[in-house]
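Subject: Handover of a structure and notes on what was found

Dear colleague,

Please find the structure below, with the sequence. I would be grateful if you kept it open while reading the notes that follow.

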Amino acid sequence: MECPHLSSSVCIAPDSAKFPNGSPSSWCCSVCRSNKSPWVCLTCSSVHCGRYVNGHAKKHYEDAQIPLLNHKRSEKQEKAQHTVCMDCSSYSTYCYRCDDFVVNDTKLGLVQKVREHLQNLENSAFTADRHRKRKLLENSSLNSKLLKVNGSTTAICATGLRNLGNTCFMNAILQSLSNIEQFCCYFKELPAVELRNGKTAGRRTYHTRSQGDSNVSLVEEFRKTLCALWQGSQTAFSPESLFYVVWKIMPNFRGYQQQDAHEFMRYLLDHLHLELQGGFNGVSRSAILQENSTLSANNKCCINGASTVVTAIFGGILQNEVNCLICGTESRKFDPFLDLSLDIPSQFRSKRSKNQENGPVCSLRVQNFKSSNIGAYKLNTSLALCLHLKRFHWTAYLRNKVDTYVQFPLRGLDMKCYLLEPENSGPDSCLYDLAAVVVHHGSG
């Protein structure tokens, strides 16, 4: 409707400095501080909430009419009636005296000028907020990948993995492997798999459950998963394609049952190792390793054939010495390994009671490789040393979980005393810093 009260009610300048700061749609009521449905009075520029919140905008109009009811209206009072207000979100105008929305304007077009001014304030606030969020996102994408340990900064993966149904065993291993820098960078720099015929020639392969058994590549899906984890463009990534390939080539992990994380890691590394030996995306394995000569130059561990990045990073050699107690004959055997399984000594296995906070504490430097009159174990260590703690032990009738606390350093785990040739090792070549920990919760 056309309101006859605009000339006496619209008194504020379109660019009035009396307006609150910030986005008009988020202005707060001057009485209840609610930012829902804010309305601005076109007489005094005060902001109040609408009638469907606490009704302070209408009350503001009613309070302004009280002196006009008790006294004869002067010309000045007639011009200041606080009758018309504007919605700060939709910019529609409403007159309380007419009790209806207004479609007309003053002769000077003040209502439209106020509307345009509020729109400019909203756009400016939106632009500033978007710029602030972009800067915050850029900073967080960088800083969220940094972890401070003992004053130094270390890169960590910042993207999560969605649980596909009891797949925490897989997600924990993928996150751990993604934070082993040389191993992760190697796969991220590999060329992408491409189909060479058909309508999809030249495009990347993205596996789905509808595809057949051909064209599945564990290396490719592992590469894409690592790239997704380090892009920083999303908070969580769903490794469905990788899980599909795992189902195809690792029948033991089909379905959605709970699985052992250590067992999955061994299967994963073994299959990555075998696939890399056969070449990848038309590039021979030897050509790939030549590009990463620093990884393979000092690698002496070959498992099931030639060396790959798997054995170059995780591989080591374990020397097993057995002495006969009767004749004194000594035999030596060299076994390659990708991880070491450590028993928790029996003297540390006493079970904690429910009310006992601190139970037996065992150091990681237990004498698992200490010489004895039965056997001695020495090792040639790799770039990444993976240690598996045997948390379960079996009796005649049942299996028990060993909940012993194990102390280990975050930095500088010294393995020099366990090396085959410690005198030929550099001062820092046998010191290890913690990269990841996978912890099993529960008793099952």
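A search of the whole structure, which is a predicted model, finds 3 cavities of 30 Å³ or more. Lining the second largest cavity are 13 residues, and Cys41, Ala57, His60, Cys85 and Tyr96 are those that lie nearest its centre. Two or more residues of this lining come from each of β1 (38-41), α2 (56-70) and β3 (84-87). Sorted by class, the lining of the second largest cavity consists of 8 nonpolar and 5 polar residues, with no charged residues.

The protein chain has 444 residues, of which 39% count as buried. Its secondary structure comes to 12 helices and 20 strands.

Next, the aromatic rings. A pair of aromatic rings is described by two quantities, the distance of the centres and the angle of the planes. The structure holds 17 aromatic pairs. One of them joins Tyr94 and Phe101, with 5.0 Å from centre to centre and 80° between the planes, an edge-to-face arrangement. Are the two partners buried or exposed? Tyr94 has a relative accessibility of 10% and therefore counts as buried, while Phe101, at 42%, counts as partly exposed. The cut-off behind this reasoning is that buried means under 20% relative accessible area. Tyr94 and Phe101 also belong to a cluster linked by ring pairs, together with Trp39, Tyr61 and Tyr96.

In helix α6 (residues 181-188), the residues Phe183, Cys184, Tyr186 and Phe187 are buried. They cover an arc of only 155° around the axis, so they lie on the same side of α6. In helix α8 (residues 240-249), the buried residues are Leu242, Phe243, Tyr244, Val245, Val246 and Trp247. Which elements do the buried residues of α8 pack against? They pack against α5 (168-178), α7 (218-231) and α9 (261-277).

Some residues are separated along the chain, and the model gives the distance between their C-alpha atoms. Leu110, in helix α4 (residues 110-143), and Leu42 are 68 residues apart along the chain, and their C-alpha atoms are separated by 9.5 Å. Leu110 has a relative accessibility of 18% and so counts as buried. Cys11 is found in the loop between α1 (6-9) and β1. Between the C-alpha atoms of Cys11 and His82 there are 9.1 Å, although 71 residues separate the two along the chain. With 44% relative accessibility, Cys11 counts as partly exposed.

Asn400 is placed in strand β17 (residues 399-401). Leaving aside residues up to four places away in sequence, Asn400 touches Arg391, Phe392, His393 and Thr395. Its relative accessible area is 30%, and Asn400 is therefore partly exposed.

Finally, a remark on the backbone. Most residues other than glycine have a negative phi. Where in this structure does a residue other than glycine have a positive value of phi? One of these is Ser45, with a phi near 65°, in the loop between β1 and β2 (47-49). Ser45 is buried, with a relative accessible area of 5%. Asn166 is not a glycine either, and its phi is positive at about 60°. Asn166 lies in the loop between β8 (160-161) and α5, and its relative accessible area of 36% makes it partly exposed.

With kind regards

Note on methods
Residues are numbered from 1 along each chain as its sequence is written. This is a predicted model: local features need pLDDT of at least 70, side-chain atom pairs count only at pLDDT 80 or more; totals for chains, interfaces and linings use all residues. Side-chain values use heavy atoms; hydrogens and water are left out. Buried means under 20% relative accessible area, exposed over 50%, partly exposed in between (1.4 Å probe, protein chains only). Helices (H or I, at least four residues) and strands (E, at least two) are DSSP runs, numbered from the N terminus. The arc is that of the directions from the helix axis to the C-beta atoms. On a 1 Å grid over the protein atoms alone, a cavity is a set of points where a 1.4 Å probe fits but cannot get out, and a pocket is an open set with protein on both sides within 12 Å along at least five of seven lines; lining residues have an atom within 4 Å of a point. Grid points are joined across faces, edges and corners, and a volume is the space filled by probe spheres set on the points. Ala, Val, Leu, Ile, Met, Phe, Trp, Tyr, Cys and Pro count as nonpolar, Asp, Glu, Lys and Arg as charged, and the others, Gly among them, as polar. Rings of Phe, Tyr and Trp (its six-membered ring) pair if their centres lie within 6.5 Å; planes under 30 degrees apart count as stacked, over 60 as edge-to-face and the rest as tilted. Contact means heavy atoms within 4.5 Å.
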